[in-house]
Amino acid sequence: MADRVKNQKFNTLFDWFDQGRDGYLDADDFQQMATLFTNLPGGHAPENEKALRGAFDRWWDLLVADSDSDGDGRLDRQEFIEVMESSVTAPENFEDAVLTIADAFMRIVDTNGDGSLSFDEYVRMYEGLGIDPAHSTDAFRRLDRNGDGSLSYDEFRTAIVEFYLSDDENAPGNWLLGPPS
């Protein structure tokens with residue numbers, strides 16, 4: 001069960017990251033993802049753009065170093081899923097590869113600077129990242145654990161951690177990119 005849950009999430013992530021829609025991930029896909037993030041309002045602030053681009057570069061370098069056995073500079077779906085499970089989500093890499101992006105991203109999408117995401121900010125985030133906003137209401141409701149109508153920094157970070165690390169098929173963080181597959 002646990003492997004199936006993570007496999008579904010990493011498949012969703014692969015599809016989202018495959019910006020070239022060619023069935024492979026490469027450095028350009030990761031730069032395009034960084035561009036999606038930095039094109040959001042506030043994303044071009046130097047500290048945010050530098051943090052995001054650097055984190056996406058580190059994530060790509062980690063992926064390639066640990067799984068590109070044929071040296072072609074790209075990963076197929078299975079290579080990606082395997083390296084996500086074995087390396088990217090390992091404690092020594094997760095903070096630098098994933099949570100650095102989440103922290104910079106939170107600064108970007110919190111457009112009013114109150115330290116949380118309102119529903120409107122959350123929907124704009126979905127739209128700006130190319131995620132179907134039709135599911136944003138349900139996702140937001142699930143991620144707003146205390147029901148106060150906003151996602152705090154801690155709630156957002158918890159959702160990120162659950163999406164990447166949780167084996168629980170009912171974890172609210174599984175809704176981060178829309179309904180679980």
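Guide: UniProt positions are given here in the numbering used for this chain, and such annotations may be inferred rather than shown by experiment. Please also keep in mind that this is a predicted model.

Visitor: Which residues does UniProt list for "domain: EF-hand"?
Guide: The listing comes from an unreviewed UniProt entry, and annotations of this kind may be inferred. With that caution, the residues given in the record are 5-40, 55-90, 97-130 and 131-166.

Visitor: How far apart are the end C-alpha atoms of residues 97-130?
Guide: This span of the chain is 68% helix and 9% strand. For residues 131-166, the corresponding figures are 58% helix and 8% strand, with end C-alpha atoms 21 Å apart. For residues 97-130, the end C-alpha atoms lie at a separation of 21 Å.

Visitor: What is the volume of the largest cavity?
Guide: The count of cavities of 30 Å³ or more comes to two. The second largest cavity holds about 60 Å³ of space, while the volume of the largest cavity is about 210 Å³.

Visitor: Which residues lie nearest the centre of the largest cavity?
Guide: The lining is made up of 19 residues, and by class it has 19 nonpolar, no polar and no charged residues. Helix 1 (2-17), helix 2 (27-38), helix 3 (46-67), helix 5 (91-109) and helix 8 (153-165) each supply at least two residues of this lining, and at least three come from each of domain 1 (1-109) and domain 2 (115-180). Nearest the centre of the largest cavity are Trp16, Phe37, Ile160, Tyr164 and Leu176.

Visitor: Which residues of helix 8 are buried?
Guide: Helix 8 has 13 residues and reaches 18 Å from its first C-alpha to its last, which is close to the 18 Å expected at 1.5 Å a residue. An α-helix has 3.6 residues a turn, so residues three or four places apart point the same way. To count as buried, a residue must have under 20% relative accessible area, and in helix 8 the buried residues are Glu155, Phe156, Ala159, Ile160, Glu162, Phe163 and Tyr164.

Visitor: Is Lys9 buried or exposed?
Guide: The C-alpha atoms of Lys9 and Ser166 are 9.9 Å apart in space, although the two residues are 157 apart in sequence. The relative accessibility of Lys9 is 5%, so this residue counts as buried.

Visitor: Which residues are the closest to the centre of the largest pocket?
Guide: The largest pocket contains about 240 Å³ of space. Of the 15 residues that line the largest pocket, the closest to its centre are Thr12, Gly130, Ile131, Asp132 and Leu177.

Visitor: How many residues of each class line the largest pocket?
Guide: The largest share of this lining, three residues, comes from helix 1. Domain 1 (1-109) and domain 2 (115-180) both give residues to the lining, so the largest pocket lies between them. Divided by class, the lining residues of the largest pocket are six nonpolar, six polar and three charged.

Visitor: What is the phi of Arg21?
Guide: Arg21 sits in the loop between helix 1 and strand 1 (24-26), and its relative accessibility is 57%, so Arg21 counts as exposed. The phi of Arg21 is a positive value in a residue other than glycine, near 55 degrees.

Visitor: What separates the C-alpha atoms of Leu117 and Ser152?
Guide: Leu117 is placed in strand 3, and this residue is buried, with a relative accessible area of 0%. Leu117 and Ser152 are 35 residues apart along the chain, and their C-alpha atoms are separated by 6.4 Å.

Key:
Residues are numbered from 1 along each chain as its sequence is written. This is a predicted model: local features need pLDDT of at least 70, side-chain atom pairs count only at pLDDT 80 or more; totals for chains, interfaces and linings use all residues. Side-chain values use heavy atoms; hydrogens and water are left out. Helices (H or I, at least four residues) and strands (E, at least two) are DSSP runs, numbered from the N terminus. On a 1 Å grid over the protein atoms alone, a cavity is a set of points where a 1.4 Å probe fits but cannot get out, and a pocket is an open set with protein on both sides within 12 Å along at least five of seven lines; lining residues have an atom within 4 Å of a point. Grid points are joined across faces, edges and corners, and a volume is the space filled by probe spheres set on the points. Ala, Val, Leu, Ile, Met, Phe, Trp, Tyr, Cys and Pro count as nonpolar, Asp, Glu, Lys and Arg as charged, and the others, Gly among them, as polar. Domain bounds come from an automatic or database domain assignment. The expected span of a helix is 1.5 Å times one less than its number of residues. Buried means under 20% relative accessible area, exposed over 50%, partly exposed in between (1.4 Å probe, protein chains only).
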